[in-house]
Amino acid sequence: MTKNTRRDFIKTAAAATSTALLPLPALAQGAAGRVVVVGGGFAGASCARAVKALDPRINVTLVEGSRTFTACPFSNTVLAGMREITAQQFGYDKVAASGVTMAFAAASAVNAQARTVTLADGAQLNYDRLVLAPGIDIRWNGLPGYDEAAASVMPHAWRAGEQTVLLRRQLEAMEDGGLVVISAPANPFRCPPGPYERASLIAHYLKTRKPKSKLIVLDAKDAFSKQRLFQNAWKELYPDLLEWVSLSSGGKVASVEPATKTLVTDFGRHQAAVANVIPPQKAAQIADAAGVSDRTGWCPVDAQTFESKQQQNIHVIGDAAIMGGMPKSAFSANSQAKVCAAAVVTLLAGQKPVEPRLINTCYSLVSPDYGISVAGVYRPKDGVLVDVEGAGGVSPADAPKAYREQEATFANGWFQTITTEVFG
Ligand SMILES: Cc1cc2nc3c(=O)[nH]c(=O)nc-3n(C[C@H](O)[C@H](O)[C@H](O)COP(=O)(O)OP(=O)(O)OC[C@H]3O[C@@H](n4cnc5c(N)ncnc54)[C@H](O)[C@@H]3O)c2cc1C
């Protein structure tokens, strides 16, 4: 393989999301090194596996705080009683079998000068390149009244697991005729279409099980992802059930009162039977400890290599990173993981990374057999990732029923594919 075709292969492998990465011949003599990845989600587990596949001589350690990963994509179907939480859960046996060393402990500190990561159990790992993929934390001081105790009454369910199950149980326990309120945050946040898919599937649950109930979405924005498609579908499927209140119509929640499950806006008070507060978010705490997050709470990175703009030899991928227009999704996280892996391997080999192209597709279910999607292709420009014009787009506004059914099938297929690729 010539240098150019080899580079082209890395570029293609990095951008493809459902194609298995094939091991490459060694990129350079003596290029092996130590790569530590923190966070075994869609970004981190994908990246660890991709680095190992690209150069099996590299010593790759994946640090993850939990032995079971609970996936957020499709967790809205758990809320609607369409599947159980166990269908969202994955272990790391196959990741370990691919040659990645698993370290099950939370990373608690990073010393960027000494190039070490300290784990909660006291162990210390040395690295040549560190990849941080820790996802999000809730910004607990971001919405007055919303702290960890409030989340046990008004769940966010924005990190899947116990919170998802709690919100589902609350919906199940609610009497027919109850009011469900969802509050959606301002940008940026994990999964831009997620609150609207959630509203749709909870509306489906209410329509089929508790038809006298009502759902209000209070929004801190005037526009959202796939808005026209969602709103057309809501008119068709949930006309008297689901109401969306935009920022300019007074939708922004200014504070919450957990004792009475009340959401307060500048224009009124909404007392809910079930309140789902999706609060403001930030990069997970280890990003602050490593000195890679900035005043926004997110981590600015180089759009070509995902190396932190604040600390050398540390890369940040997935939801924790900001690099322009690419939305925070599992699909994006997986694309970024492959590009970052190729860049890390290339940099360890003393070579210059190639300019990547990245893909994202986000499917949303509006009902079990009604799917819609948005897709985009991204490239680095002036230090950030920008849309490749003319690539991507959203589902057609006037598609027939069969098309929506097919997209719902594609959505299911995508989840199977990505979870098999990352954890299978
Ligand atoms: C309701 C909902 C629906 C969604 N639907 C979709 C969808 O349909 N399609 C889509 O593409 N995306 C979807 N998303 C978005 C998707 O879940 C995220 O974008 C994706 O999980 C980001 O991957 P990540 O690897 O950055 O973070 P995560 O997947 O959250 O993984 C982070 C991992 O890091 C670990 N970790 C954190 N800190 C530490 C530490 N200090 N030490 C060790 N480990 C640590 C965590 O335990 C976790 O396992 C949805 C999100 C939500 C909330």
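Modeller: Before we count anything, a disulfide here is a pair of cysteine sulfur atoms within 2.5 Å, and please keep in mind that this is a predicted model.

Colleague: What about cysteine 340, and how far is its sulfur from the closest cysteine sulfur?

Modeller: The closest cysteine sulfur belongs to cysteine 47 and lies 4.3 Å from the sulfur of cysteine 340, which is too far for a bond because the cut-off is 2.5 Å. Cysteine 340 itself is buried, with a relative accessibility of 0%.

Colleague: And which cysteine has the sulfur closest to that of cysteine 299?

Modeller: That is cysteine 340, but the two sulfurs are 13 Å apart, so this pair is too far apart for a bond as well. Cysteine 299 is also buried, at a relative accessible area of 0%.

Colleague: Let's move to the ligand. Which residues come nearest to it?

Modeller: There are 34 residues around the ligand, and the ones that come nearest are Ala43, Glu64, Ala107, Arg190 and Asp319.

Colleague: What polar atoms of arginine 190 and the ligand are we talking about?

Modeller: A polar atom in the side chain of arginine 190 is 2.6 Å from an oxygen atom of the ligand. Backbone atoms take part too: a polar backbone atom of phenylalanine 42 is 3.2 Å from a ligand oxygen, and a backbone N or O atom of serine 329 is 3.4 Å from an oxygen atom of the ligand.

Colleague: How much of the ligand's accessible area does the protein cover?

Modeller: On its own the ligand has 990 Å² of accessible area, and the protein covers 90% of that. The elements that contribute two or more residues to the shell around the ligand are α2 (42-54), β2 (59-64), α3 (75-79) and α10 (330-348).

Colleague: Which of these gives the largest share of the shell?

Modeller: The largest share comes from α10, which gives three residues.

Colleague: How do the residues of the shell divide into nonpolar, polar and charged?

Modeller: The shell around the ligand holds 20 nonpolar residues, nine polar ones and five charged ones.

Colleague: Two serines next. Where does serine 293 lie, and what does it touch?

Modeller: Serine 293 is in the loop between α9 (285-289) and β19 (299-300), and a relative accessible area of 15% makes it buried. Its side chain joins that of aspartate 288 in a polar contact of 2.5 Å. Leaving aside residues up to four places away in sequence, serine 293 touches Ala287, Asp288, Trp298, Cys299 and Gln310.

Colleague: And where is serine 246 found?

Modeller: Serine 246 is in the loop between β13 (242-245) and β14 (253-257), and it is buried at a relative accessible area of 9%. Beyond its neighbours within four places in sequence, it is in contact with Asp219, Lys221, Asp222 and Gly251.

Colleague: Last one: is isoleucine 182 buried or exposed?

Modeller: Isoleucine 182 counts as buried, because its relative accessibility is 0%. It is part of strand β11 (residues 179-184), and its contacts more than four places away in sequence include Pro195, Ile202, Leu215, Val217 and Ile278. As for glutamine 89, its C-alpha is 25 Å from that of isoleucine 182, and the two are 93 residues apart in sequence.

Methods: Residues are numbered from 1 along each chain as its sequence is written. This is a predicted model: local features need pLDDT of at least 70, side-chain atom pairs count only at pLDDT 80 or more; totals for chains, interfaces and linings use all residues. Side-chain values use heavy atoms; hydrogens and water are left out. Buried means under 20% relative accessible area, exposed over 50%, partly exposed in between (1.4 Å probe, protein chains only). Contact means heavy atoms within 4.5 Å. A residue is near a molecule or strand if one of its heavy atoms lies within 4 Å of it. A polar contact is a pair of N or O atoms within 3.5 Å; within protein, one must be able to donate a hydrogen and the other to accept it, and residues adjacent in sequence count only if both atoms are side-chain atoms. Accessible areas come from the Shrake-Rupley method with a 1.4 Å probe; for residues, only the protein chains shown count as cover. Ala, Val, Leu, Ile, Met, Phe, Trp, Tyr, Cys and Pro count as nonpolar, Asp, Glu, Lys and Arg as charged, and the others, Gly among them, as polar.
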